[in-house]
Amino acid sequence: MTAEGTAQGTTSGTTKVTVLTLTAMVVGSMVGAGVFSLPRRFAQETGVAGALVAWVVAGAGMFTLALVFQRLAVRKPGLDAGVYAYAKAGFGEFTGFYAAAGYWASACVGNVTYWVLIMSTLGAWVPALGAGDTVLALVLSSVGLWLFFALVRQGIREATAINRIVTIAKLVPILVFVLLAVLAFDPAVFAENLHGASYTGSLFDQVRDTMLVTVFVFLGVEGASVYSRHARRREDVGRATILGFTSVLAVFASVTIVSYGILPMAEIAELRQPSMAGVLEAAVGPWGSVFVGVGLIVSVLGAYLAWTLMAAEVLFVAAKDRDMPRFLTRTRREDVPVNALLLSTALSQVVLVVTYFSDDAFDFALDLTASMTLIPFLLAALYALRLRLTRETYDGAPARTLTGDLVVAVLASAYTAFLLFAAGLDLALLAFVFYAPVTVLFVMTRREQGRRAFGPAELALLGVVVALAVLAVVGLAAGWVSL
């Protein structure tokens, strides 16, 4: 596949989609399990003031990342895998491989949160499902995971058509929730929740502790970039990214803030997930919980579909670029990367089993997803900064463009670095338990090409990765790192 063919939408055998479909992919990816968990996750960490600051910081930071992906899509139209491709172009093959693997893994782990939340929702009516962490929940989640594998395997065209329908359907219950919560809004309760509760820290601590939640709900802002080889025009990638982001930010902030006017935050913090259901039940009665539960299942299944497509797409394009083993390039009718899809589903199955042994299956999978996405995001932001500093692709650019792109790249890099700090050491170490063994795919790729497995610098990076993975395993055994 050539860059020109992708840019013009003429590459044979590749299904092309419109800017509205790409926007639906972004919205479908972002509006999923996270939005239904926002009231409890925020109430556990912060009051109204901290939540407002957190959304301003997260909105501004993620907007700079959205702008980074928009600019890179235009300036580097030949890089068709988005996050992974930018890391490789900027920092070498091995770093790019880890970015691809980490981003792929984050999508697979994120898919697990969807099944856990579905089972937790149904657990309100079927106690045997618990909070999505029982044996029955594990079995049913596994069945659903492989049923979706069969669906996506039938073709990209069918899957994207379903996603467009689901994206519209999922927004309805969320918007209805906001409207009903506004009508039931109690100013006195809102005022009591303004500055936090006895269990919350300083305003800085409150904002920092909510940052990882905002990362999770904003995952998917790069969705159009990852799926860019199917765009009719390269310009559509940037437009879809901005349209999807701004629409979803308004929804997320609204869901969070109106909840503080329904219940004391200490009570919201104790609600079972999906906490949006508990908030609406308090506002309008038991039917509110059922209404949210049905909406959640539709929303989550749609988000799961979008993320399944993106996870397979990252592996497939990396293999096409000869950065993953050749067996991942195999496709079947309708351009479906069948082996990449199979490997993605298998990894989700492994993570699903691991969550069974965690203290809180949903929160563990959510936080790990966000943490594993941060390094690929940071590398993409740093690549945009590198392009601007070296002026590559900026020949003849006006001063306004040079200044604007520099500010965007610096802010996006600083914001993502802050998120890594906010995520904490435990999650970072657990990510390396994945990075170390997945290196075997890199070795397979190099051997297929008749090349040395590692150069000197790559060996040094591998040593760091393995050492951190060993440290994580020791920490798990000793108890100072927990699932």
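**View 1. Helix H18 spans residues 399-423.** H18 has 25 residues and reaches 36 Å from its first C-alpha to its last. That is close to the 36 Å expected at 1.5 Å a residue, where the expected span is 1.5 Å times one less than the number of residues. Helices here are DSSP runs (H or I, at least four residues), numbered from the N terminus. This is a predicted model: local features need pLDDT of at least 70, side-chain atom pairs count only at pLDDT 80 or more, and totals for chains, interfaces and linings use all residues. Residues are numbered from 1 along each chain as its sequence is written, and side-chain values use heavy atoms, with hydrogens and water left out. The buried residues of H18 include Leu-402, Asp-405, Val-408, Tyr-415 and Leu-419. Buried means under 20% relative accessible area, exposed over 50%, and partly exposed in between (1.4 Å probe, protein chains only). Gly-424 follows H18, and its phi is positive, near 95 degrees.

**View 2. Helix H20 covers residues 456-478.** H20 has 23 residues. From first C-alpha to last, H20 reaches 33 Å, close to the 33 Å expected at 1.5 Å a residue. Glu-458, Leu-462, Val-465, Ala-469, Ala-472 and Gly-475 are buried in H20. The buried residues of H20 pack against H6 and helix H19 (425-448); contact means heavy atoms within 4.5 Å. Gly-479 follows H20 with a positive phi, near 95 degrees.

**View 3. Gly-463 sits in H20.** Gly-463 counts as partly exposed because its relative accessibility is 39%. Ala-436 lies 27 residues from Gly-463 along the chain. The C-alpha atoms of the two are separated by 9.4 Å.

**View 4. The largest nonpolar core has 148 residues.** Such a core is a set of buried Ala, Val, Leu, Ile, Met, Phe, Trp, Tyr and Cys residues joined through side-chain atoms within 4.5 Å. Val-35, Trp-104, Phe-218, Phe-252, Met-324 and Phe-434 have the most contacts inside this core. Helix H6 (residues 93-122) gives the largest share of this core, 18 residues. Leaving aside neighbours within four places in sequence, Met-324 is in contact with Phe-97, Ala-100, Ala-101, Leu-315, Ala-318, Ala-319, Leu-441 and Thr-445.

**View 5. A nonpolar patch lies on the surface.** Val-135, Val-139, Val-143, Leu-147, Val-353, Tyr-356 and Phe-357 form this patch, with about 650 Å² of accessible area together. Helix H7 (residues 135-153) supplies the largest share, 4 residues. Val-139 is found in H7. Val-139 counts as partly exposed because its relative accessibility is 44%. Patch residues have over 30% relative accessible area and no salt bridge, and nonpolar side chains (Val, Leu, Ile, Met, Phe, Trp, Tyr) are joined within 5 Å, like charges within 9 Å.

Definitions and conventions. Helix = DSSP H or I, 4+ residues; strand = E, 2+ residues; numbered from the N terminus. Areas by Shrake-Rupley, 256 points an atom, 1.4 Å probe, with all protein chains shown as cover. Salt bridge = Lys/Arg side-chain N within 4 Å of Asp/Glu carboxyl O.
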